[in-house]
Number of protein chains: 2
Amino acid sequence: MTAAAMKFTHVDCGDCPIRHRAVCARCDGDELDRLNEVKYYRSFQAGQTVVWSGDQMDFVASVVSGIATLTQTMEDGRRQMVGLLLPSDFVGRPGRDTAAYDVVATTDLVMCCFRKKPFEELIRTMPNVSQRLLEMTLDELDAAREWMLLLGRKTAREKIASLIAIIARRDASLKLHENNENVVVDLPLTREAMSEYLGLTLETVSRQISALRKDGIIQIQGKRHITIPAFDRLLEEAADDSDGGYLV
Amino acid sequence: MTAAAMKFTHVDCGDCPIRHRAVCARCDGDELDRLNEVKYYRSFQAGQTVVWSGDQMDFVASVVSGIATLTQTMEDGRRQMVGLLLPSDFVGRPGRDTAAYDVVATTDLVMCCFRKKPFEELIRTMPNVSQRLLEMTLDELDAAREWMLLLGRKTAREKIASLIAIIARRDASLKLHENNENVVVDLPLTREAMSEYLGLTLETVSRQISALRKDGIIQIQGKRHITIPAFDRLLEEAADDSDGGYLV
DNA sequence: CGAGCTTTTGAACAAACTCAATTTCTGTGG
DNA sequence: CCACAGAAATTGAGTTTGTTCAAAAGCTCG
(Lines give C-alpha, C1' and ligand atoms only; values in the text may rest on other atoms or scores of the structure.)
Protein backbone atom coordinates (compact mmCIF):
# COMPACT_ATOMS: atom_id res chain seq x y z
CA MET A 1 0.00 0.00 0.00
CA THR A 2 1.35 3.40 -0.95
CA ALA A 3 1.67 6.34 1.40
CA ALA A 4 -1.20 8.12 -0.32
CA ALA A 5 -3.38 5.08 0.21
CA MET A 6 -2.42 4.70 3.89
CA LYS A 7 -3.47 8.21 4.61
CA PHE A 8 -7.14 7.50 4.10
CA THR A 9 -7.60 4.36 6.11
CA HIS A 10 -9.34 6.01 9.04
CA VAL A 11 -10.70 9.40 8.14
CA ASP A 12 -13.61 11.00 9.86
CA CYS A 13 -16.29 12.14 7.41
CA GLY A 14 -15.99 15.67 8.75
CA ASP A 15 -12.36 15.78 7.61
CA CYS A 16 -12.96 14.11 4.26
CA PRO A 17 -11.54 15.97 1.25
CA ILE A 18 -14.61 15.19 -0.87
CA ARG A 19 -17.07 15.98 1.89
CA HIS A 20 -18.79 18.84 0.04
CA ARG A 21 -18.97 17.32 -3.45
CA ALA A 22 -19.67 13.61 -2.98
CA VAL A 23 -22.92 11.74 -2.50
CA CYS A 24 -22.83 12.73 1.17
CA ALA A 25 -22.55 16.44 0.41
CA ARG A 26 -25.91 17.41 1.86
CA CYS A 27 -25.82 15.25 4.96
CA ASP A 28 -25.89 16.85 8.38
CA GLY A 29 -23.85 15.79 11.38
CA ASP A 30 -26.15 12.99 12.53
CA GLU A 31 -26.38 11.58 9.05
CA LEU A 32 -22.61 11.69 8.66
CA ASP A 33 -22.34 9.70 11.87
CA ARG A 34 -24.51 7.00 10.37
CA LEU A 35 -22.37 6.91 7.23
CA ASN A 36 -19.22 6.89 9.32
CA GLU A 37 -20.32 3.67 10.98
CA VAL A 38 -20.80 1.66 7.83
CA LYS A 39 -18.27 3.10 5.41
CA TYR A 40 -14.90 1.53 4.77
CA TYR A 41 -11.89 2.44 2.62
CA ARG A 42 -10.31 0.45 -0.17
CA SER A 43 -7.07 1.32 -1.93
CA PHE A 44 -5.82 0.29 -5.34
CA GLN A 45 -2.51 0.73 -7.07
CA ALA A 46 -2.20 2.39 -10.45
CA GLY A 47 -3.11 -0.16 -13.11
CA GLN A 48 -5.15 -2.39 -10.83
CA THR A 49 -8.65 -3.42 -11.86
CA VAL A 50 -11.29 -2.59 -9.26
CA VAL A 51 -13.99 -4.78 -10.81
CA TRP A 52 -14.50 -6.59 -14.08
CA SER A 53 -17.60 -6.08 -16.15
CA GLY A 54 -20.04 -8.89 -15.44
CA ASP A 55 -18.61 -9.67 -12.02
CA GLN A 56 -20.54 -9.54 -8.81
CA MET A 57 -20.28 -6.06 -7.29
CA ASP A 58 -21.64 -5.92 -3.78
CA PHE A 59 -20.55 -2.40 -2.95
CA VAL A 60 -20.88 1.17 -4.16
CA ALA A 61 -18.21 3.80 -3.61
CA SER A 62 -17.00 7.35 -3.95
CA VAL A 63 -13.58 8.16 -5.32
CA VAL A 64 -11.65 9.89 -2.53
CA SER A 65 -8.36 10.39 -4.34
CA GLY A 66 -6.88 9.29 -7.63
CA ILE A 67 -8.51 8.54 -10.96
CA ALA A 68 -10.41 5.54 -12.25
CA THR A 69 -11.95 4.72 -15.62
CA LEU A 70 -15.13 2.96 -16.70
CA THR A 71 -14.62 0.95 -19.87
CA GLN A 72 -16.78 -1.21 -22.10
CA THR A 73 -15.21 -4.00 -24.13
CA MET A 74 -16.59 -5.68 -27.24
CA GLU A 75 -16.14 -9.37 -27.91
CA ASP A 76 -13.38 -8.76 -30.43
CA GLY A 77 -11.48 -6.54 -28.02
CA ARG A 78 -12.46 -3.07 -29.16
CA ARG A 79 -12.67 -0.86 -26.09
CA GLN A 80 -14.49 2.37 -25.34
CA MET A 81 -14.14 4.34 -22.17
CA VAL A 82 -17.53 5.54 -20.96
CA GLY A 83 -16.58 7.36 -17.81
CA LEU A 84 -13.67 9.08 -16.11
CA LEU A 85 -13.98 9.00 -12.33
CA LEU A 86 -12.35 11.83 -10.44
CA PRO A 87 -12.42 12.51 -6.70
CA SER A 88 -16.00 12.76 -5.39
CA ASP A 89 -17.45 10.77 -8.31
CA PHE A 90 -19.68 7.83 -7.51
CA VAL A 91 -19.29 4.23 -8.74
CA GLY A 92 -21.84 1.47 -8.75
CA ARG A 93 -25.56 1.32 -9.20
CA PRO A 94 -27.99 0.75 -6.38
CA GLY A 95 -30.43 -1.95 -7.46
CA ARG A 96 -27.96 -3.87 -9.62
CA ASP A 97 -25.56 -6.49 -8.38
CA THR A 98 -23.38 -7.04 -11.43
CA ALA A 99 -20.83 -4.55 -12.69
CA ALA A 100 -21.75 -3.22 -16.14
CA TYR A 101 -18.25 -1.94 -16.95
CA ASP A 102 -14.63 -2.58 -16.16
CA VAL A 103 -13.48 -0.20 -13.44
CA VAL A 104 -9.72 0.39 -13.53
CA ALA A 105 -7.50 2.49 -11.30
CA THR A 106 -5.47 4.77 -13.59
CA THR A 107 -3.49 6.25 -10.75
CA ASP A 108 -3.21 5.12 -7.14
CA LEU A 109 -6.76 5.20 -5.93
CA VAL A 110 -8.65 5.41 -2.65
CA MET A 111 -12.36 4.76 -2.52
CA CYS A 112 -14.88 5.22 0.26
CA CYS A 113 -17.16 2.19 0.06
CA PHE A 114 -20.55 1.04 1.30
CA ARG A 115 -21.89 -2.47 1.04
CA LYS A 116 -24.71 -2.33 -1.45
CA LYS A 117 -27.56 -3.60 0.70
CA PRO A 118 -27.05 -1.13 3.55
CA PHE A 119 -26.55 1.66 1.05
CA GLU A 120 -29.88 0.90 -0.61
CA GLU A 121 -31.43 1.19 2.82
CA LEU A 122 -29.69 4.55 3.30
CA ILE A 123 -31.16 5.77 0.03
CA ARG A 124 -34.62 4.83 1.19
CA THR A 125 -34.29 6.56 4.52
CA MET A 126 -32.02 9.52 3.83
CA PRO A 127 -33.45 11.87 1.21
CA ASN A 128 -30.32 13.97 1.45
CA VAL A 129 -28.41 11.07 -0.01
CA SER A 130 -30.89 9.98 -2.68
CA GLN A 131 -31.46 13.54 -3.86
CA ARG A 132 -27.76 14.27 -4.07
CA LEU A 133 -27.32 11.00 -5.95
CA LEU A 134 -30.03 12.02 -8.39
CA GLU A 135 -28.32 15.33 -8.95
CA MET A 136 -24.95 13.65 -9.54
CA THR A 137 -26.50 11.13 -11.92
CA LEU A 138 -28.13 13.91 -13.92
CA ASP A 139 -24.74 15.63 -14.13
CA GLU A 140 -23.17 12.42 -15.34
CA LEU A 141 -25.89 12.03 -17.93
CA ASP A 142 -25.14 15.52 -19.22
CA ALA A 143 -21.46 14.69 -19.36
CA ALA A 144 -22.19 11.46 -21.23
CA ARG A 145 -24.28 13.37 -23.75
CA GLU A 146 -21.57 15.92 -24.25
CA TRP A 147 -19.24 13.01 -24.86
CA MET A 148 -21.65 11.60 -27.44
CA LEU A 149 -21.33 14.84 -29.40
CA LEU A 150 -17.56 14.55 -29.23
CA LEU A 151 -17.54 10.90 -30.32
CA GLY A 152 -20.09 11.33 -33.08
CA ARG A 153 -19.16 14.64 -34.62
CA LYS A 154 -15.76 15.99 -33.67
CA THR A 155 -12.55 15.59 -35.65
CA ALA A 156 -9.50 13.94 -34.11
CA ARG A 157 -7.90 17.32 -33.44
CA GLU A 158 -11.06 18.66 -31.83
CA LYS A 159 -11.34 15.54 -29.70
CA ILE A 160 -7.83 15.96 -28.30
CA ALA A 161 -8.33 19.66 -27.67
CA SER A 162 -11.62 18.90 -25.91
CA LEU A 163 -10.06 16.27 -23.68
CA ILE A 164 -7.26 18.59 -22.59
CA ALA A 165 -9.77 21.38 -21.98
CA ILE A 166 -11.99 19.13 -19.89
CA ILE A 167 -9.17 17.90 -17.72
CA ALA A 168 -7.83 21.43 -17.33
CA ARG A 169 -11.28 22.64 -16.32
CA ARG A 170 -11.79 19.89 -13.77
CA ASP A 171 -8.36 20.66 -12.37
CA ALA A 172 -9.24 24.35 -12.30
CA SER A 173 -12.41 23.78 -10.32
CA LEU A 174 -10.17 22.44 -7.57
CA LYS A 175 -7.25 24.82 -7.86
CA LEU A 176 -9.29 27.88 -8.76
CA HIS A 177 -6.90 29.55 -11.16
CA GLU A 178 -9.27 31.67 -13.16
CA ASN A 179 -6.50 32.51 -15.50
CA ASN A 180 -6.55 32.26 -19.24
CA GLU A 181 -2.78 32.28 -19.60
CA ASN A 182 -0.28 29.53 -18.91
CA VAL A 183 -2.68 27.05 -17.46
CA VAL A 184 -0.70 23.97 -16.44
CA VAL A 185 -2.27 20.55 -16.64
CA ASP A 186 -1.13 17.16 -15.50
CA LEU A 187 -2.43 14.56 -17.96
CA PRO A 188 -3.19 11.48 -15.92
CA LEU A 189 -3.77 9.21 -18.92
CA THR A 190 -1.54 7.24 -21.27
CA ARG A 191 -1.96 7.74 -24.99
CA GLU A 192 -3.77 4.43 -25.10
CA ALA A 193 -6.23 5.45 -22.39
CA MET A 194 -6.85 8.71 -24.24
CA SER A 195 -7.51 6.80 -27.44
CA GLU A 196 -10.00 4.60 -25.62
CA TYR A 197 -11.76 7.66 -24.32
CA LEU A 198 -11.83 9.51 -27.63
CA GLY A 199 -12.73 6.68 -29.98
CA LEU A 200 -9.39 6.95 -31.81
CA THR A 201 -6.25 4.89 -32.19
CA LEU A 202 -3.29 5.74 -30.02
CA GLU A 203 -1.29 6.68 -33.13
CA THR A 204 -3.85 9.29 -34.07
CA VAL A 205 -3.82 10.64 -30.53
CA SER A 206 -0.05 10.97 -30.66
CA ARG A 207 -0.10 12.68 -34.06
CA GLN A 208 -2.74 15.20 -33.03
CA ILE A 209 -0.96 16.06 -29.80
CA SER A 210 2.20 16.66 -31.82
CA ALA A 211 0.23 18.83 -34.25
CA LEU A 212 -1.24 20.94 -31.44
CA ARG A 213 2.26 21.35 -30.04
CA LYS A 214 3.69 22.40 -33.42
CA ASP A 215 0.88 24.91 -33.81
CA GLY A 216 1.65 26.43 -30.42
CA ILE A 217 -1.69 25.56 -28.86
CA ILE A 218 -0.02 23.51 -26.15
CA GLN A 219 3.49 23.04 -24.80
CA ILE A 220 4.72 19.73 -23.47
CA GLN A 221 7.11 19.18 -20.59
CA GLY A 222 8.30 15.64 -20.08
CA LYS A 223 5.64 13.08 -20.78
CA ARG A 224 2.48 14.16 -19.06
CA HIS A 225 2.82 17.84 -18.25
CA ILE A 226 1.10 20.30 -20.50
CA THR A 227 1.13 24.08 -20.49
CA ILE A 228 -1.62 25.94 -22.28
CA PRO A 229 -0.35 29.41 -23.19
CA ALA A 230 -3.81 30.68 -24.21
CA PHE A 231 -6.77 28.74 -22.94
CA ASP A 232 -9.24 30.45 -25.28
CA ARG A 233 -7.25 29.27 -28.28
CA LEU A 234 -7.50 25.70 -27.00
CA LEU A 235 -11.26 26.12 -26.65
CA GLU A 236 -11.46 27.29 -30.26
CA GLU A 237 -9.68 24.14 -31.34
CA ALA A 238 -12.10 22.09 -29.27
CA ALA A 239 -15.03 23.62 -31.20
CA ASP A 240 -16.97 23.95 -27.97
CA ASP A 241 -19.63 26.55 -27.36
CA SER A 242 -18.22 30.02 -26.98
CA ASP A 243 -18.85 29.97 -23.24
CA GLY A 244 -16.45 27.08 -22.96
CA GLY A 245 -18.97 24.94 -21.23
CA TYR A 246 -18.66 26.75 -17.93
CA LEU A 247 -22.42 26.73 -17.66
CA VAL A 248 -22.44 22.93 -17.55
CA MET B 1 -54.52 19.31 -33.38
CA THR B 2 -54.67 15.74 -34.60
CA ALA B 3 -57.10 13.10 -33.44
CA ALA B 4 -54.35 11.28 -31.59
CA ALA B 5 -53.50 14.49 -29.77
CA MET B 6 -57.10 15.24 -28.85
CA LYS B 7 -57.49 11.87 -27.25
CA PHE B 8 -55.20 12.73 -24.35
CA THR B 9 -56.47 16.11 -23.35
CA HIS B 10 -58.29 14.88 -20.25
CA VAL B 11 -57.08 11.49 -19.14
CA ASP B 12 -57.22 10.27 -15.59
CA CYS B 13 -53.84 9.03 -14.34
CA GLY B 14 -55.41 5.68 -13.56
CA ASP B 15 -56.18 5.18 -17.25
CA CYS B 16 -52.87 6.50 -18.54
CA PRO B 17 -51.08 4.21 -21.02
CA ILE B 18 -47.66 4.95 -19.48
CA ARG B 19 -48.93 4.63 -15.91
CA HIS B 20 -46.68 1.69 -14.97
CA ARG B 21 -43.46 2.83 -16.65
CA ALA B 22 -43.25 6.58 -16.25
CA VAL B 23 -41.94 8.72 -13.43
CA CYS B 24 -45.24 8.15 -11.60
CA ALA B 25 -44.98 4.35 -11.79
CA ARG B 26 -44.64 3.79 -8.06
CA CYS B 27 -47.23 6.28 -6.88
CA ASP B 28 -50.27 5.10 -4.96
CA GLY B 29 -53.81 6.36 -5.43
CA ASP B 30 -53.48 9.42 -3.19
CA GLU B 31 -50.25 10.43 -4.84
CA LEU B 32 -51.79 10.05 -8.29
CA ASP B 33 -54.57 12.36 -7.21
CA ARG B 34 -52.03 15.00 -6.36
CA LEU B 35 -50.34 14.60 -9.75
CA ASN B 36 -53.71 14.68 -11.47
CA GLU B 37 -54.37 18.12 -10.09
CA VAL B 38 -51.27 19.78 -11.42
CA LYS B 39 -50.53 17.90 -14.64
CA TYR B 40 -51.52 19.18 -18.06
CA TYR B 41 -51.18 17.82 -21.58
CA ARG B 42 -49.40 19.36 -24.52
CA SER B 43 -49.52 18.09 -28.08
CA PHE B 44 -47.11 18.64 -30.94
CA GLN B 45 -47.25 17.78 -34.58
CA ALA B 46 -44.58 15.74 -36.33
CA GLY B 47 -41.66 18.01 -37.09
CA GLN B 48 -42.48 20.62 -34.46
CA THR B 49 -39.81 21.76 -32.04
CA VAL B 50 -40.83 21.38 -28.40
CA VAL B 51 -38.01 23.56 -27.03
CA TRP B 52 -34.81 25.03 -28.38
CA SER B 53 -31.52 24.50 -26.63
CA GLY B 54 -30.77 27.52 -24.47
CA ASP B 55 -34.38 28.59 -24.17
CA GLN B 56 -36.23 28.97 -20.93
CA MET B 57 -37.90 25.67 -20.02
CA ASP B 58 -40.31 26.02 -17.15
CA PHE B 59 -41.81 22.55 -17.28
CA VAL B 60 -40.81 18.89 -17.17
CA ALA B 61 -42.76 16.16 -18.94
CA SER B 62 -43.31 12.51 -19.76
CA VAL B 63 -43.84 11.34 -23.31
CA VAL B 64 -47.33 9.81 -23.44
CA SER B 65 -47.41 8.89 -27.12
CA GLY B 66 -45.20 9.51 -30.11
CA ILE B 67 -41.46 9.97 -30.40
CA ALA B 68 -39.20 12.93 -29.70
CA THR B 69 -35.48 13.47 -30.08
CA LEU B 70 -32.85 15.29 -28.03
CA THR B 71 -30.22 16.90 -30.22
CA GLN B 72 -27.09 18.94 -29.67
CA THR B 73 -25.91 21.39 -32.31
CA MET B 74 -22.44 22.81 -32.79
CA GLU B 75 -21.84 26.37 -33.90
CA ASP B 76 -21.03 25.32 -37.44
CA GLY B 77 -24.19 23.26 -37.70
CA ARG B 78 -22.96 19.75 -37.01
CA ARG B 79 -25.66 17.90 -35.12
CA GLN B 80 -25.63 14.89 -32.81
CA MET B 81 -28.69 13.26 -31.37
CA VAL B 82 -28.14 12.42 -27.72
CA GLY B 83 -31.48 10.88 -26.81
CA LEU B 84 -34.48 9.20 -28.33
CA LEU B 85 -37.60 9.71 -26.24
CA LEU B 86 -40.24 7.03 -26.43
CA PRO B 87 -43.51 6.80 -24.50
CA SER B 88 -42.91 6.92 -20.71
CA ASP B 89 -39.53 8.65 -21.09
CA PHE B 90 -38.93 11.81 -19.11
CA VAL B 91 -37.80 15.22 -20.43
CA GLY B 92 -36.39 18.12 -18.51
CA ARG B 93 -34.17 18.49 -15.52
CA PRO B 94 -35.36 19.52 -12.11
CA GLY B 95 -33.05 22.24 -10.84
CA ARG B 96 -32.26 23.74 -14.23
CA ASP B 97 -34.35 26.31 -16.02
CA THR B 98 -32.73 26.38 -19.45
CA ALA B 99 -33.06 23.57 -21.98
CA ALA B 100 -29.71 21.93 -22.69
CA TYR B 101 -30.80 20.35 -25.97
CA ASP B 102 -33.21 20.83 -28.83
CA VAL B 103 -36.29 18.69 -28.25
CA VAL B 104 -38.09 17.85 -31.50
CA ALA B 105 -41.25 15.86 -32.11
CA THR B 106 -40.39 13.22 -34.71
CA THR B 107 -43.97 11.94 -34.90
CA ASP B 108 -47.14 13.48 -33.54
CA LEU B 109 -46.46 13.75 -29.86
CA VAL B 110 -48.39 14.05 -26.61
CA MET B 111 -46.64 14.94 -23.40
CA CYS B 112 -47.84 14.97 -19.82
CA CYS B 113 -46.36 18.12 -18.27
CA PHE B 114 -45.72 19.62 -14.86
CA ARG B 115 -44.59 23.13 -14.22
CA LYS B 116 -41.07 22.93 -12.94
CA LYS B 117 -41.45 24.63 -9.57
CA PRO B 118 -44.35 22.46 -8.36
CA PHE B 119 -42.58 19.38 -9.69
CA GLU B 120 -39.47 20.19 -7.69
CA GLU B 121 -41.70 20.37 -4.66
CA LEU B 122 -43.18 16.98 -5.55
CA ILE B 123 -39.71 15.50 -5.71
CA ARG B 124 -38.94 16.79 -2.25
CA THR B 125 -42.12 15.43 -0.73
CA MET B 126 -42.82 12.26 -2.70
CA PRO B 127 -39.99 9.73 -2.45
CA ASN B 128 -41.89 7.46 -4.82
CA VAL B 129 -41.38 10.04 -7.52
CA SER B 130 -37.78 10.97 -6.77
CA GLN B 131 -36.71 7.36 -6.44
CA ARG B 132 -38.38 6.37 -9.68
CA LEU B 133 -36.74 9.34 -11.35
CA LEU B 134 -33.36 8.23 -10.04
CA GLU B 135 -33.94 4.76 -11.43
CA MET B 136 -34.96 6.14 -14.83
CA THR B 137 -31.98 8.48 -14.91
CA LEU B 138 -29.62 5.60 -14.15
CA ASP B 139 -31.21 3.65 -17.01
CA GLU B 140 -30.72 6.60 -19.33
CA LEU B 141 -27.11 6.88 -18.25
CA ASP B 142 -26.59 3.21 -19.14
CA ALA B 143 -28.23 3.79 -22.50
CA ALA B 144 -26.04 6.83 -23.13
CA ARG B 145 -22.95 4.78 -22.31
CA GLU B 146 -24.01 2.02 -24.65
CA TRP B 147 -24.42 4.70 -27.29
CA MET B 148 -20.91 5.97 -26.56
CA LEU B 149 -19.58 2.52 -27.43
CA LEU B 150 -21.54 2.59 -30.68
CA LEU B 151 -20.35 6.10 -31.61
CA GLY B 152 -16.74 5.52 -30.65
CA ARG B 153 -16.07 2.01 -31.86
CA LYS B 154 -18.63 0.56 -34.22
CA THR B 155 -18.44 0.53 -38.03
CA ALA B 156 -21.17 2.15 -40.12
CA ARG B 157 -22.75 -1.25 -40.82
CA GLU B 158 -22.70 -2.18 -37.14
CA LYS B 159 -24.22 1.16 -36.22
CA ILE B 160 -27.17 0.67 -38.56
CA ALA B 161 -27.73 -2.90 -37.41
CA SER B 162 -27.57 -1.75 -33.78
CA LEU B 163 -30.11 1.00 -34.36
CA ILE B 164 -32.58 -1.34 -36.02
CA ALA B 165 -32.06 -3.89 -33.24
CA ILE B 166 -32.64 -1.29 -30.54
CA ILE B 167 -35.84 -0.02 -32.09
CA ALA B 168 -37.07 -3.55 -32.67
CA ARG B 169 -36.33 -4.42 -29.06
CA ARG B 170 -38.13 -1.37 -27.69
CA ASP B 171 -41.07 -2.20 -29.91
CA ALA B 172 -40.93 -5.77 -28.70
CA SER B 173 -41.06 -4.81 -25.06
CA LEU B 174 -44.46 -3.34 -25.81
CA LYS B 175 -45.78 -5.93 -28.24
CA LEU B 176 -44.18 -8.92 -26.55
CA HIS B 177 -43.37 -10.97 -29.60
CA GLU B 178 -40.60 -13.15 -28.29
CA ASN B 179 -40.00 -14.41 -31.74
CA ASN B 180 -36.72 -14.58 -33.55
CA GLU B 181 -38.28 -14.88 -37.00
CA ASN B 182 -39.89 -12.21 -39.14
CA VAL B 183 -39.83 -9.44 -36.61
CA VAL B 184 -41.49 -6.41 -38.18
CA VAL B 185 -40.31 -2.94 -37.26
CA ASP B 186 -41.64 0.48 -38.08
CA LEU B 187 -38.69 2.86 -38.43
CA PRO B 188 -39.92 6.19 -37.11
CA LEU B 189 -36.86 8.14 -38.29
CA THR B 190 -35.77 9.71 -41.57
CA ARG B 191 -32.36 8.83 -42.96
CA GLU B 192 -31.19 12.22 -41.79
CA ALA B 193 -32.41 11.62 -38.24
CA MET B 194 -30.70 8.24 -38.25
CA SER B 195 -27.48 9.83 -39.42
CA GLU B 196 -27.70 12.36 -36.61
CA TYR B 197 -28.19 9.59 -34.14
CA LEU B 198 -25.38 7.39 -35.46
CA GLY B 199 -22.72 10.00 -36.12
CA LEU B 200 -22.75 9.30 -39.87
CA THR B 201 -23.81 11.13 -43.02
CA LEU B 202 -27.21 10.34 -44.46
CA GLU B 203 -25.57 8.93 -47.59
CA THR B 204 -23.65 6.40 -45.53
CA VAL B 205 -26.85 5.44 -43.70
CA SER B 206 -28.60 4.88 -47.00
CA ARG B 207 -25.74 2.83 -48.40
CA GLN B 208 -25.50 0.60 -45.35
CA ILE B 209 -29.23 -0.02 -45.25
CA SER B 210 -29.04 -1.02 -48.90
CA ALA B 211 -26.12 -3.30 -48.12
CA LEU B 212 -27.97 -5.02 -45.27
CA ARG B 213 -30.93 -5.50 -47.59
CA LYS B 214 -28.76 -6.98 -50.35
CA ASP B 215 -27.21 -9.34 -47.81
CA GLY B 216 -30.63 -10.53 -46.72
CA ILE B 217 -30.31 -9.29 -43.13
CA ILE B 218 -33.35 -7.05 -43.50
CA GLN B 219 -36.22 -6.64 -45.96
CA ILE B 220 -37.77 -3.31 -46.73
CA GLN B 221 -41.42 -2.62 -47.48
CA GLY B 222 -42.27 0.87 -48.66
CA LYS B 223 -40.21 3.56 -46.99
CA ARG B 224 -40.18 2.89 -43.29
CA HIS B 225 -41.24 -0.73 -42.75
CA ILE B 226 -38.61 -3.31 -42.09
CA THR B 227 -38.87 -7.06 -41.71
CA ILE B 228 -36.09 -8.93 -39.99
CA PRO B 229 -36.14 -12.55 -41.16
CA ALA B 230 -33.65 -13.71 -38.51
CA PHE B 231 -33.18 -11.46 -35.53
CA ASP B 232 -30.06 -13.26 -34.32
CA ARG B 233 -28.33 -12.55 -37.62
CA LEU B 234 -29.08 -8.86 -37.16
CA LEU B 235 -27.59 -9.00 -33.68
CA GLU B 236 -24.43 -10.55 -35.10
CA GLU B 237 -24.14 -7.66 -37.52
CA ALA B 238 -24.62 -5.24 -34.64
CA ALA B 239 -21.62 -6.79 -32.85
CA ASP B 240 -23.51 -6.61 -29.57
CA ASP B 241 -22.91 -8.97 -26.68
CA SER B 242 -24.18 -12.44 -27.33
CA ASP B 243 -27.12 -11.94 -24.99
CA GLY B 244 -28.32 -9.18 -27.25
CA GLY B 245 -28.42 -6.72 -24.43
CA TYR B 246 -31.57 -8.16 -22.91
CA LEU B 247 -29.96 -7.85 -19.51
CA VAL B 248 -29.83 -4.09 -19.82
C1' DC C 1 -49.37 15.75 -63.20
C1' DG C 2 -45.72 17.97 -61.30
C1' DA C 3 -43.23 20.41 -57.29
C1' DG C 4 -40.77 19.44 -53.47
C1' DC C 5 -39.39 16.24 -50.59
C1' DT C 6 -36.60 11.97 -49.26
C1' DT C 7 -33.74 8.41 -50.74
C1' DT C 8 -30.46 6.09 -53.61
C1' DT C 9 -26.34 5.67 -56.23
C1' DG C 10 -21.81 7.11 -58.24
C1' DA C 11 -17.05 8.94 -58.30
C1' DA C 12 -13.43 11.43 -56.24
C1' DC C 13 -11.45 12.68 -51.98
C1' DA C 14 -9.94 13.05 -47.14
C1' DA C 15 -9.53 11.58 -42.47
C1' DA C 16 -8.27 8.22 -39.64
C1' DC C 17 -6.54 3.42 -39.39
C1' DT C 18 -3.06 -0.34 -39.87
C1' DC C 19 1.31 -2.06 -39.85
C1' DA C 20 6.05 -1.17 -39.10
C1' DA C 21 10.14 1.07 -37.59
C1' DT C 22 12.27 4.43 -34.51
C1' DT C 23 12.81 7.34 -30.63
C1' DT C 24 12.09 8.71 -25.97
C1' DC C 25 11.26 7.88 -21.31
C1' DT C 26 11.64 5.24 -16.84
C1' DG C 27 13.28 2.50 -13.74
C1' DT C 28 16.66 -1.13 -12.42
C1' DG C 29 20.84 -3.51 -11.85
C1' DG C 30 25.74 -3.59 -12.70
C1' DC D 1 26.46 6.90 -12.20
C1' DC D 2 25.76 4.77 -16.35
C1' DA D 3 23.97 1.27 -19.34
C1' DC D 4 20.35 -1.25 -20.68
C1' DA D 5 15.69 -3.34 -20.91
C1' DG D 6 11.01 -2.64 -21.39
C1' DA D 7 7.28 0.33 -21.90
C1' DA D 8 5.33 4.40 -23.90
C1' DA D 9 5.28 7.52 -27.50
C1' DT D 10 6.40 9.22 -32.08
C1' DT D 11 6.74 9.08 -36.94
C1' DG D 12 6.21 7.18 -41.69
C1' DA D 13 3.90 4.87 -45.70
C1' DG D 14 0.14 2.75 -47.57
C1' DT D 15 -4.72 1.43 -47.08
C1' DT D 16 -9.48 1.61 -45.69
C1' DT D 17 -13.65 3.70 -44.34
C1' DG D 18 -16.66 7.05 -44.58
C1' DT D 19 -17.34 11.80 -46.45
C1' DT D 20 -18.29 15.20 -50.04
C1' DC D 21 -20.27 16.73 -54.03
C1' DA D 22 -23.31 15.67 -57.71
C1' DA D 23 -26.93 13.57 -60.17
C1' DA D 24 -30.81 10.59 -60.67
C1' DA D 25 -34.77 8.04 -58.94
C1' DG D 26 -38.93 7.44 -55.80
C1' DC D 27 -42.67 9.14 -53.01
C1' DT D 28 -46.27 12.25 -51.42
C1' DC D 29 -49.50 15.55 -51.67
C1' DG D 30 -51.58 19.51 -53.62
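Student: Through which surface do the copies meet, and why?

Tutor: This is a predicted model. Of the interface residues of chain A, 100% are also interface residues in chain B, so the copies meet through the same surface.

Student: How are two copies of a chain related?

Tutor: In general, by a rotation about an axis and a shift along it.

Student: Which residues are closest to DNA strand D?

Tutor: A residue counts as near a strand if one of its heavy atoms lies within 4 Å of it. DNA strand D is surrounded by 17 residues, and the closest are A:Arg191, A:Ser206, A:Ser210, B:Ala156 and B:Thr204.

Student: Which side chains have polar atoms by the phosphate oxygens of DNA strand D?

Tutor: An N or O atom in the side chain of B:Thr204 is 2.3 Å from a phosphate oxygen of DNA strand D. For A:Arg191, the distance from a side-chain N or O atom to a phosphate oxygen is 2.6 Å. A polar side-chain atom of A:Ser206 also lies 2.6 Å from a phosphate oxygen. Two elements give two or more residues to the surface near DNA strand D: helix H7 (202-214) of chain A and helix H7 (202-214) of chain B. H7(A) gives the most, with five residues.

Student: How does that surface divide by residue class?

Tutor: Near DNA strand D there are seven charged, seven polar and three nonpolar residues.

Definitions and conventions: Residues numbered from 1 in each chain as written. Chains lettered and ligands numbered in written order. Predicted model: local features only at pLDDT ≥ 70, side-chain atom pairs only at ≥ 80, totals over all residues. Heavy atoms only, no water. Polar contact = N/O pair within 3.5 Å; in protein donor to acceptor, adjacent residues only side chain to side chain. Helix = DSSP H or I, 4+ residues; strand = E, 2+ residues; numbered from the N terminus. Nonpolar A, V, L, I, M, F, W, Y, C, P; charged D, E, K, R; others polar. Contact = heavy atoms within 4.5 Å.
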